[in-house]
Structures are given as structure tokens and as C-alpha cells.
Amino acid sequence: MNMVQDDAGFMWFGTLYGLNRFDGYTFKVFLHERGNPNSLSGVDVESLFKDRDGVLWIGCEQAVDRFDPKTENFTHFPVPKVKQISQDRDGFLWFSTDRGLYQLDQKTGRLRLYAHDPNDPDSLPDNHVVSAAEDKAGRFWVGEPYGMYELDRKNGHVKLSIPLHTASRDLSFYEDRLGEFWILYGTGNGLAKFDREKNILTYYSFHGGDISSTGYSGVASMLEDRHGTLWLAKQESGLMRFDRDHNRFVNYTHTPGNAYGLAQDSVTALLEDRDGSIWVSLPGNGLQRFSPVPLPFQALSSKEGEHGAGCFYEDSHGNLWIGTSVALYRIDPSGNRTEFAGVNVGTPLDVLSIVEDHTGFIWAGTSNNGLFRLDPKNGKWTRYQHKENDPSSLSNNVVYRLLVDHDGTLWAATWDGLDRFDAQADRFTTFKADSHSREQICRRGFRRGRSTSAEIGGPASV
């Protein structure tokens, strides 16, 4: 199974039975439709690739397809059974097939074939190309069953050969952020590292003594996550993590009865999504997703009488706000914490809701203590409370929900109505569906809609 995440956040999975798109909730399957030239060209998706413009390319058994997300139509290019797709720094796309290596110029639509020429000893040694890609230095590498070859794209000649001790139907390279050049292959242990300056190839052994095995037990995929950790998908040995500090591999395998562990030991593909989760492809068991770094739990305060967090909020700067019984806490993206205590020493907050307005003020709705506005630049508080016989004040001191609409207007759902705040006049207007009823909106959530107006009921007299 091949996996890609597009620029819109959709996850795409290529399978033997079509192309699947996952939006976080449901799957949509794209299939070949007889008589529809705009549908997927085939059923078996052998490769997936997102180019630098965010365009999705799909290699099927009949052709390579380019997907248009606006029309959800597919444009076909006559290159069948593409094993792998890549793009070089000049924008050319490269298709690895069992008939040679194809180069596509997207500007002209021109295809160029690089293949073995029996009359040219410097040409590719085989037409069965399983991978091809450019490294960070601009050198171009082609993977074939018996080795990795550096190719001169101008004349199609091989400049450097890296033969392997055993043939493999899958062979590719992975260059990590430290510049190390890893060669992955499907047989034996399936991993080697090539020093491009000294031309030295080093094999890695996981089981000892099986480096010449022809069994399909090697490394199918490698991934370096955002924390710099290298992960390996093994054909029969599960998932492996490379411990750089100790130059060793840590193995994760299937454990029967463990519902939260790896579902099987054969792993074929890895992908890190934009949230930092890693997706694992398991033939016969679908997909699994895990977080490579366990989320730490840390106490924010040890103050006596502080009974937990009432709400969380992320502002426009990526700061996390946490409302507790005695204070607001701000945790910036670097993990630094700032405490904002109440207006007066000993004044409780009991925060139930937090929102940021368009001017950068932070608003906190509380349980029976009214509404607070915080200027995070100087830590200054302003407090709004209900006042008897003042219809322009907050309708109730219990404020469960807060919202800032598209126009920048603050709305507060209280125990006794829905309040709209007029920032210029520094006053509230209260809306009620039933002027004689209480507890109408307080526990119910609300959100912005497309319309800027909403009929909730007549405003209270002001």
C-alpha cells in the first residue's frame, strides 16, 4: 500500500482495489469506470506521489494518472505499471518501470525513455527499474535488481555502480537530514549505508548470517520523523527504530492479545502526517497510526485549592491557554509557562471558557464570577459582572460559553441569556428566546455561521 497526504490534509492510499481518500472521518474510493475517460485508469494502484505543486500522481497498471481535485477527474499519461514516481529539482517527473526509466517534462508533455542498450556498455544494465530519484547534492540514482547506479541524465550513461551481494525486486535509497545515504532492499537484512565520498558500502545485520538470503524479509520503507528519529518498515520483523546514540536498532513486533500493539509483523510502508503521527501499512491488516513521542503529563501548579483545569484554548500565536480555579496559564510554543492570577489576590476565577478577540485580548468566562478580559501584554485585567437594575450589564455571572464572530463581536452565553458586547460603548445587550425563562443557553455550545445575523429572540429592554 502506498500513502500520501495532500496539501489539503487528505490522506490518500493506493491499493489493489482502487485509490482511497480519507478525510479524517470517512473513506472515498476512486475506481476505474468503464466508458468514463476521466476516471482512474486502472484498479491496481502501484505508486502514489505528490509533486512540489501539490499535484497528486497515481501509477496504475495501464497508465500514470494526474488528479484534478477541483473536478476529481484523472488525466492519463501512457506509462504502464509505474513502480515509483519522483521529481528532480528541475521539475521533471521520473517513472520507474520494468521497461526502463521514463522522464516526463510537464511543460511539454514529452516523455523520454532511459533503457538498457546492448550496444552501449555504459547504459543502464537492466530495463527493470524499481526506483529512481535525485539526492540533495543533485546526483541522480537508479535502483535495479542487482544494485544502485548513478545516472548521467544528459547522455543516459552510468557514472557509478554500487552492486549488491544479492538481487532484490525492491531497491531504493533514503537520504536523512544528516546526509547519510541508506540503501533499502527487499531481501536478506535489507539495509546498507553508502559513503558517497569514500565509495564504501556498509551492510547492516539484524539477525546475523542472513545477509545473502533471497527471502522477502528486507526493509520496505524508511522514514525520518520530525524529531530526527529513523523508522524502518521490515517485511517480516515488524517496525524498527534506529537509536543513533548507541548505533543500534530497537524492534517493535506483534504481540498476540495486545490491542494497542502492532497488528502484524509485516510492514510495507510508512508515512508521517502533518500532525506528527506515523501511519503504518500492514498487508492483510490495513492501516495503523501511532504517535512516535508519548505525550508527557505535567502538573501546572501545586497550589493548594487548585482543582484542575476547566478549559483549554489555542490563540492566534499558537499559545495554549489553560483556565483553572485560581489563574489563567499561557504556554507558548517553546513550552514556557506564564501565570496570570485574578484581578485581586484571593479572587477566584473558576474559568469555564476562553476566547481571543480580534484585538488580541483574552476573555475568560467563569462560574459565578462574571467575565474577565486580560491584556496579555501587560497582564492587566478588566472585570464585568451582573448589576441589578442595570440592563446593559452582564446578564448573569455564570458564563459558560464565549465566541467572537466574523465581525469581531464578542458573544457570551450565560445562565440567564445570550449577551452581545459592544466594545465601543462598553455595554451588553441580552437576547432571550423567552424573557421569563432561565438556563436557556448556558450549557449549550454555539458557533459562527455564514450569516452575520441570527434570530434568537428579542433583546432585553435597555
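## A salt bridge to start with

Let's begin with D243 and R248, whose side chains form a salt bridge: their closest N and O atoms sit 3.2 Å apart. Keep in mind that this is a predicted model. The two partners differ in how much of them shows. D243 counts as buried because its relative accessibility is 11%, under the 20% cut-off. R248, at 47%, counts as partly exposed.

The general idea is simple: side chains of opposite charge can pair when their charged atoms come close.

## Reaching across the chain

Next up is E180, which forms a salt bridge with R244; here the closest N and O atoms are 3.4 Å apart. E180 is in the loop between β17 (171-175) and β18 (181-185), while R244 is in the loop between β23 (239-243) and β24 (248-252), so this pair ties together parts that are 64 residues apart in sequence. How exposed are the two? E180 has 23% relative accessibility and counts as partly exposed, and R244, with 27%, counts as partly exposed too.

E180 and R244 also belong to a network of salt bridges, whose other members are D176, R177, K193 and E224.

Now for E150 and R139, which meet side chain to side chain in a salt bridge of 2.9 Å, N to O. E150 is buried, with a relative accessibility of 6%, whereas R139 is partly exposed at 24%.

## A nonpolar patch

L16, Y17 and V43 make a nonpolar surface patch of about 330 Å². Of these, Y17 is found in the loop between β2 (11-15) and β3 (18-22). Is Y17 buried or exposed? Y17 counts as exposed because its relative accessibility is 63%, and the cut-off for that label is over 50%.

Finally, have a look at strands β34 (residues 371-375) and β35 (residues 380-384). They run antiparallel and are joined by five bridges. Within this pairing, L374 stands opposite W381 of β35.

What lies between the strands of this hairpin? Four residues do, and G379 takes a positive phi near 75° in the hairpin.

Methods: Residues numbered from 1 in each chain as written. Predicted model: local features only at pLDDT ≥ 70, side-chain atom pairs only at ≥ 80, totals over all residues. Heavy atoms only, no water. Pairing = 2+ DSSP bridges. Helix = DSSP H or I, 4+ residues; strand = E, 2+ residues; numbered from the N terminus. Patch = residues over 30% accessible without salt bridge, like charges linked within 9 Å, V, L, I, M, F, W, Y side chains within 5 Å. Areas by Shrake-Rupley, 256 points an atom, 1.4 Å probe, with all protein chains shown as cover. Salt bridge = Lys/Arg side-chain N within 4 Å of Asp/Glu carboxyl O. Buried < 20%, exposed > 50% of the residue type's maximum accessible area, 1.4 Å probe, protein only.
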